[in-house]
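Open the structure in your viewer and keep the selection tool at hand. The tour goes stop by stop.

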Amino acid sequence: MISAGLKPLPDTKLVLDMKRIAIVGGGIAGLSAAFALDQARLAGVDVKYTLFESSPRLGGVLKTDFVDDCLVEAGADSFLTEKPWAADLCKQVGLGDQLIGSNDQARKTYILVRGRLVPLPDGLMFMVPTRIFPTFFSPLFSFRTKLRMAREWFRRRRVSHDDESVASFVERHYGREVVDYLADPLLTGVYGGEAASLGVRAVLPRFADMEASHGSLGRGMVASRKKSRGAAPRPLFTSLKNGMQQMVEAVVARLNPASLLLNAEVLGIQAQDSGWVVSAGYKTDHFDAVILAVPAHLAGMLMSTANASLAKELGSIPYSSSLTVALGYGNDVRRALPPGFGFLVPHREGKRMMAATFVHNKFPHRVPEGRALVRCALGGARDETMMSVSDEEISLIVRDELKQIVGIKSEPSFVRIYSWSKAMEQYTVGHLDRMKQIEGLLSPGIFLAGNGYRGIGVPDCVRSGKEAAEAALTAVGCSAS
């Protein structure tokens, strides 16, 4: 019997059975983990989650601005279509009809060679030539390199369990010129790193497999393409009509607002009472499991007291920084720019720009007719000093190099500069071995998600967040009721 005016106590067993999982980091990996946990909760699993984000916004590097009727991406502008996890998440949160593909009819990429833009030849599949005549007649390669490409088709299978740099791997197959003018600029555009440092088994595992099974990368790529014949062609890149931030907003809308803590910097994590205390000032709390969805070096700092060996390994994963500079122009520039998606700049060309995208060609709907939008990338492992340069000087550098490379003399109608410090992980030689060691050192109840481990793109981050959530649920003994 309950006395008048007194509320009944909550069911003690329910409170004790409810498992609590913390997510540290509100980028797309952390949001993917939160969404997976929320879906489990809605399905009847006795779980409660709390997401800690140190900044006032969610989404990490996924940020979209609208400037002078142009859609400007501050970070990633799209994701690879062949990796399904990001598109799957978009469909789950009701954005299936908002997915769009890149304008592949206009897809052409240039390489800056001795001061002029040279298009990549047809049939070149991420530095691997699969068609003889376009490659042979391309001015991108010397005659000596073309002969090496022809001989590469007759290479014997080579099985090795040791890692090596991408530069070493590519040079064995095609020579130094392909490293300098293809491998290095392509990987700089994706990782912000150097082919001489990045490990082939983590960065290009398919190439290592092709060498083991076919010997020749060219033969391996052709065989792979034959297997996919008959499948409907798909665009290389996928994005969203209203920008990548649309994915963030749709996921957040499906989450419990009370579970999302902004401006909540986590200062440390300590083991306590068969669980973990997440120290975040007034928001400090106890949890059964913790998902660390922050860059590896930050995850290492948070674990430095609880697990020094793990913290050391996490801190050993290097990161580079980058700048995104978006410039808007009028129709005179749009008409003057070459067709295609943009260009890559090899390091040996002596420029500070790593790459530029002609957004009005790649995703035409993002720019009004008669306007041009050029998006440039700077920084990377070779040029960390760019992060200390003033915005005014960055703008001058970019405009001067665009003038030199593509002849843009007009004043931009707007310039937007976005800085991403230590955001680009570097999968250096031996990365997969390091990952095995890290996974062996993980404390019970601690899980990792994000771009520092087994995949860098948006789809990989989404996958890692979901997998971390599923592993955390299993570890705390949660099951659907």
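Strands here are DSSP E runs of at least two residues, helices are H or I runs of at least four, and both are numbered from the N terminus. Two strands count as paired if DSSP finds at least two bridges between them. Pick Ile111; its bridge partner in S8 is Val118.

This is a predicted model: local features need pLDDT of at least 70, side-chain atom pairs count only at pLDDT 80 or more, and totals for chains, interfaces and linings use all residues. Residues are numbered from 1 along each chain as its sequence is written, and side-chain values use heavy atoms, with hydrogens and water left out.

Now widen the view. An open sheet of 7 strands runs S8-S7-S18-S19-S20-S17-S21, with mixed pairing. S8 (116-119) and S21 (414-425) stand at the edges with a single partner strand each, so one side of each has no neighbour in the sheet.

Next, select 391-406. This is helix H16, which packs on the sheet and touches strands including S7, S8 and S21. Contact means heavy atoms within 4.5 Å.

Move to 245-253, helix H11. Its buried residues are Gln246, Met247, Val248, Ala250 and Val251. Buried means under 20% relative accessible area (1.4 Å probe, protein chains only). They pack against elements including helix H2 (28-42) and helix H18 (458-475).

Last stop: S13 (268-272) and S14 (275-279), antiparallel over 5 bridges. Gln272 stands opposite Gly275. The hairpin has 2 residues between its strands, and Asp273 takes a positive phi near 50°.

Technical notes. Axes are lines fitted to C-alpha atoms, for helices over the stretch in contact, and angles run from 0 to 180 degrees between N-to-C directions. Buried means under 20% relative accessible area, exposed over 50%, partly exposed in between (1.4 Å probe, protein chains only).
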